[in-house]
Number of protein chains: 2
Amino acid sequence: MLQNNFLKMNRKNFFVIIILLTTFSFGQNQIIQQKFIQKIYNVALNDGKSYNWLDHLSNQIGGRLSGSLNAERAIQWSREELNLLKIDNVYLQPVMVPKWVRGTFEYARIITGPGKTMNVPICALGGSIATPNLGIEAEVVEVKNFDELEKIGKKQINGKIVFFNRKMPDTIINPLKAYKKTVDQRTKGASIASKYGAVGVIVRSMNFRLDDFPHTGSTYYGNIPNKDRIPAAAISTNGAELLSSMLSINPKTTFYFKQNCKNYPEVLSHNVIGEIKGSEFPNEIILVGGHLDSWDLGDGSHDDGAGVVQSMEVLNIFKTLNYKPKRTIRVVLFMNEENGLKGGKEYAERARLNNENHIFALESDLGGFTPRGFSFETSKKKFLKLKNWEKFFKPYLSDNFIFGTSAPDIGPLKSDNIVLVGLRPDLQRYFEYHHAANDRFDAINKRELELGAAAMTSLVYLVDQFGIQD
Amino acid sequence: MLQNNFLKMNRKNFFVIIILLTTFSFGQNQIIQQKFIQKIYNVALNDGKSYNWLDHLSNQIGGRLSGSLNAERAIQWSREELNLLKIDNVYLQPVMVPKWVRGTFEYARIITGPGKTMNVPICALGGSIATPNLGIEAEVVEVKNFDELEKIGKKQINGKIVFFNRKMPDTIINPLKAYKKTVDQRTKGASIASKYGAVGVIVRSMNFRLDDFPHTGSTYYGNIPNKDRIPAAAISTNGAELLSSMLSINPKTTFYFKQNCKNYPEVLSHNVIGEIKGSEFPNEIILVGGHLDSWDLGDGSHDDGAGVVQSMEVLNIFKTLNYKPKRTIRVVLFMNEENGLKGGKEYAERARLNNENHIFALESDLGGFTPRGFSFETSKKKFLKLKNWEKFFKPYLSDNFIFGTSAPDIGPLKSDNIVLVGLRPDLQRYFEYHHAANDRFDAINKRELELGAAAMTSLVYLVDQFGIQD
């Protein structure tokens with residue numbers, strides 16, 4: 001009995017010692033990581049390139065829709081900048097992308113009576129066809145969703161313009177969720193309304209704020225034949241309120257709009273790729289990226305110039321600190337996120353064909369605002385392990401690790417072997433700029449942008465140090 | 001032995017049952033609180049008054065320095081608005097405040113040679129005396145801190161302008177800490193430099209960003225006799241960089257500045273107070289507030305129009321939800337935070353004289369940006385209990401409860417019996433606006449402002465429900 005107790009004690013003590021040793025060694029390790037992360041932040045905030053890079057991309061190049069001359073300029077510029085970092089490898093990956101051109105005009109008015117008109121700000125939705133040369137004038141059917149359309153029925157809708165006026169719900173705290181509750185109006189509105197005989201579609205902009213900016217974004221016709229497609233445009237939130245109010249006074253109010261946008265055949269474009277080869281596990285690839293294309297109304301500073309320069313900054317910070325990664329760190333600037341995701345799909349396809357082993361992919365595509373944390377798309381088990389790293393981000397107030405979706409361009413890489421991650425900045429302002437003419441460099445805050453780059457670099461650093469454990 | 005074990009089991013079970021019951025009842029309670037907090041957010045985001053109130057305060061009234069006509073207008077306006085809420089009691093609390101007037105001009109130039117001048121943006125520091133009518137021109141001694149001044153010595157400084165050029169350190173993540181590391185140049189620079197025979201003081205604006213806005217704020221002469229006081233002005237960060245660069249090229253570069261600001265005798269002003277009486281514990285006062293005065297260059301939207309309307313919103317939300325507080329909820333709009341803190345001091349003095357029992361005071365005075373959490377100035381023991389409430393704020397991403405300082409106006413209430421709390425919004429942009437001409441309504445984001453008001457209301461609600469436990 002005594003001996004038995006003694007053995008028990010010993011076993012107990014043994015475990016206590018093991019636990020203490022583990023804690024101590026992890027503790028020591030943790031201090032090394034913390035110190036390195038502090039250095040990462042110091043470079044990003046004091047000596048980083050992200051803000052100046054974005055200044056160039058936004059103000060010297062500007063909006064860069066897939067297939068445009070500006071998109072080509074952005075490809076050449078980012079390749080040159082990556083080359084200047086003297087990393088191991090910089091190259092372009094060919095990809096065919098859609099080419100849609102906004103054209104030379106787009107305008108609209110509400111007509112409340114003979115000679116009584118009010119101009120309202122609209123913009124063509126990406127991928128939309130043009131109106132006839134003389135424009136379209138028709139009565140308006142205002143709905144909040146597709147069910148209402150079904151209830152109203154083809155007879156009432158035929159020959160009219162459908163006006164989708166569902167607001168982003170104010171009371172949803174996470175703006176991304178509010179966006180997802182309304183964006184189907186834009187992506188599917190034209191395709192669905194055309195089936196009821198509508199002649200055009202006007203969609204309320206996805207924007208919490210009441211203002212005068214129409215917000216573009218893709219609309220998809222699916223397999224509807226060209227002759228049956230109808231033109232679609234976004235109206236500013238103020239414009240939507242005005243139109244709705246006029247319709248409530250007089251349901252016979254008509255709407256006129258005109259746009260000469262056009263779809264062209266696909267053209268050749270490129271993803272831009274740069275990498276530092278891993279010293280120990282070169283075949284384990286850690287990807288960090290954003291998308292190089294943007295909409296054409298603003299200069300795409302938040303969507304996704306910020307993600308582009310933050311991703312490039314990860315490599316710049318490692319080079320500045322003379323950090324030699326164990327694993328291969330690859331930056332990918334994807335083409336064509338906005339209207340096709342062709343870059344992301346092509347990249348994933350090539351990675352599969354080449355049997356590349358991506359262990360981790362991080363994308364920034366929600367604007368350059370103060371980072372709050374990361375969203376992990378992986379198994380719950382892996383997520384819970386990664387969540388232990390929150391402590392490293394606590395001093396930087398970016399320690400909100402959530403289990404959820406990641407980001408569009410890295411989505412096609414999804415498999416059981418990869419952890420997909422999206423940077424999660426503060427989003428309260430994001431949808432005021434998203435896809436609109438005011439998504440411009442002056443809406444970027446230098447420190448916020450740099451803090452995002454530093455958080456991304458720190459996470460990539462931790463993955464490089466520890467790998468991904470099952 | 002068996003019986004003993006049985007007893008042990010029973011005792012064990014008893015505790016398990018107690019724990020389960022506690023968890024369950026707390027769980028039930030927690031759900032009730034969570035639901036009410038959801039309602040609070042719904043009102044703030046959907047049906048709140050804070051943004052429109054701030055629009056009026058900023059755009060119809062504007063900058064409201066203590067003792068000015070605008071400050072008086074703000075007092076009358078906020079009293080009327082509180083009266084419209086039909087709360088139990090609205091009144092003004094008299095307080096004598098300093099009156100300093102900026103005057104009709106302030107300008108400056110760098111003189112690099114005969115006829116070679118460059119204008120730079122300056123503004124007089126609050127409380128500063130004027131320059132002589134013809135202005136001051138003198139050589140410049142550039143320093144980073146008071147130690148350097150001591151090293152250079154009176155002989156070298158006598159008759160010159162001292163230029164304090166210490167930057168806010170970029171690499172400090174919390175901007176408030178970076179501010180506190182530099183603001184002594186502004187508050188004490190003139191008083192200290194005058195002892196070395198300086199004829200004037202120019203202070204680099206407390207602003208991370210390089211831009212053209214000079215940032216004002218108080219400077220204090222202490223007990224230096226009037227005849228020995230020297231004028232002090234802030235220079236924009238770009239101006240500071242330019243001046244420093246010119247001095248590095250030619251140390252004989254002179255600086256000229258002219259300002260006709262003036263100090264007047266104290267005048268009568270008021271704190272604005274409104275309250276809902278508690279139904280169960282009317283003598284336990286929960287205070288929520290901000291400061292009604294602002295600097296004069298902008299319209300004081302962030303500092304502290306935001307805090308004013310968020311505090312008023314707490315009462316508005318309770319009235320909208322028909323919530324009858326158990327304790328007395330009192331909003332206090334303090335006068336004269338910026339250049340004297342007379343309102344805060346007077347309020348605390350009166351509270352003491354009237355033996356009022358303040359159990360809790362919450363102030364918002366760090367701008368109207370996305371709320372991240374609260375900073376608690378109390379005992380560690382009370383703080384750890386309050387920290388249990390973080391869970392209520394997690395769905396709103398405002399759950400960062402820290403142990404630290406609170407806010408200026410409620411500071412004089414400090415005692416062992418009160419918990420002082422400061423709202424902690426995201427601060428990365430704050431010092432770009434703080435005390436400068438660009439602190440204007442257009443720098444306010446509606447949702448961010450409203451989320452702050454909702455977080456404040458929720459915390460006040462929890463204190464009202466549970467009180468403060470020792």
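**A two-chain predicted model: a working chat**

Student: What rotation and shift superpose chain B on chain A?

Tutor: Chain B is superposed on chain A by a rotation of 180 degrees with 0.0 Å of shift along the axis, at an RMSD of 0.0 Å. The two copies are thus related as by a two-fold rotation axis. The superposition is by least squares on the C-alpha atoms of residues with pLDDT of at least 70 in both copies.

Student: How should I read the numbering and the pLDDT limits?

Tutor: Residues are numbered from 1 along each chain as its sequence is written, and chains are lettered from A and ligands numbered from 1 in the order in which they are written. This is a predicted model, in which local features need pLDDT of at least 70 and side-chain atom pairs count only at pLDDT 80 or more, while totals for chains, interfaces and linings use all residues.

Student: How many residues of each chain are in contact with the other chain?

Tutor: 23 residues of chain B are in contact with 23 residues of chain A. Contact here requires C-beta atoms, placed from the backbone, to lie within 7 Å. On the side of chain B that touches chain A, α1 (2–47) and α13 (446–466) of chain B each supply at least two residues. Helices (H or I, at least four residues) and strands (E, at least two) are DSSP runs, numbered from the N terminus.

Student: What classes of residue are on that side of chain B?

Tutor: The side of chain B that touches chain A has 8 nonpolar, 7 polar and 8 charged residues. In this scheme, Ala, Val, Leu, Ile, Met, Phe, Trp, Tyr, Cys and Pro are nonpolar, Asp, Glu, Lys and Arg are charged, and the others, Gly among them, are polar.

Student: Why do the copies meet through the same surface?

Tutor: They do so because 100% of the interface residues of chain B are also interface residues in chain A.

Student: Now to a single chain. What domains does the assignment give for chain A?

Tutor: The assignment gives domain 1 (43–100 + 265–466) and domain 2 (104–260). Such bounds come from an automatic or database domain assignment. The centres of these two domains of chain A, taken over C-alpha atoms, are separated by 33 Å.

Student: And how many residues are in contact between them?

Tutor: In chain A, 15 residues of domain 1 are in contact with 18 residues of domain 2. Helix α12 (residues 430–433) of chain A gives the largest share of the domain 1 side, 3 residues. By class, that side of domain 1 has 8 nonpolar, 5 polar and 2 charged residues.

Student: What is the strand order of the open sheet in chain B?

Tutor: The open sheet of 8 strands in chain B has the order β3-β2-β9-β5-β6-β7-β8-β4, with mixed pairing. Strands pair if DSSP finds at least two bridges between them. The edge strands are β3 (116–120) and β4 (122–124) of chain B, each pairing on one side only. From one strand to the next, the twist averages 30 degrees.

Student: In which sense do β6 and β7 of chain B pair?

Tutor: Strands β6 (residues 161–164) and β7 (residues 200–204) of chain B pair in the parallel sense, over 4 bridges. F164(B) has V203(B) in β7(B) as its bridge partner.

Student: Which strands does helix α4 of chain B touch?

Tutor: Helix α4 (residues 146–157) of chain B packs on the sheet and touches β5 (136–143) and β6 of chain B, its direction making about 150 degrees with that of β5(B). Helix α6 (residues 184–195) of chain B lies across β6, β7 and β8 (232–235) of chain B, at about 160 degrees to β7(B). For these angles, axes are lines fitted to C-alpha atoms, for helices over the stretch in contact, and angles run from 0 to 180 degrees between N-to-C directions.

Student: Changing topic, which residues does a cis peptide bond join in chain A?

Tutor: In chain A, a cis peptide bond joins D303(A) and D304(A), with omega about 5 degrees. D304(A) is found in helix α8 (residues 301–320) of chain A. In chain B, a cis peptide bond joins D303(B) and D304(B), also with omega about 5 degrees. Most residues other than glycine have a negative phi, and most peptide bonds are trans.

Student: What is the phi of K86(A), and is K86(A) buried or exposed?

Tutor: K86(A) is not a glycine, yet has a positive phi of about 55 degrees. K86(A) lies in the loop between α3 (69–84) and β1 (89–101) of chain A. K86(A) counts as exposed because it has 9 C-beta neighbours inside 10 Å. A residue is buried with 20 or more other C-beta atoms within 10 Å of its own, exposed with 12 or fewer, and partly exposed in between, with C-beta atoms placed from the backbone.

Student: Is G63(A) buried or exposed?

Tutor: G63(A) is buried, with 23 other C-beta atoms within 10 Å. G63(A) is placed in the loop between α2 (50–61) and α3 of chain A. G63(A) and S294(A) are 231 residues apart in sequence and 5.9 Å apart in space, C-alpha to C-alpha.

Notes:
Two residues are in contact if their C-beta atoms, placed from the backbone, lie within 7 Å.
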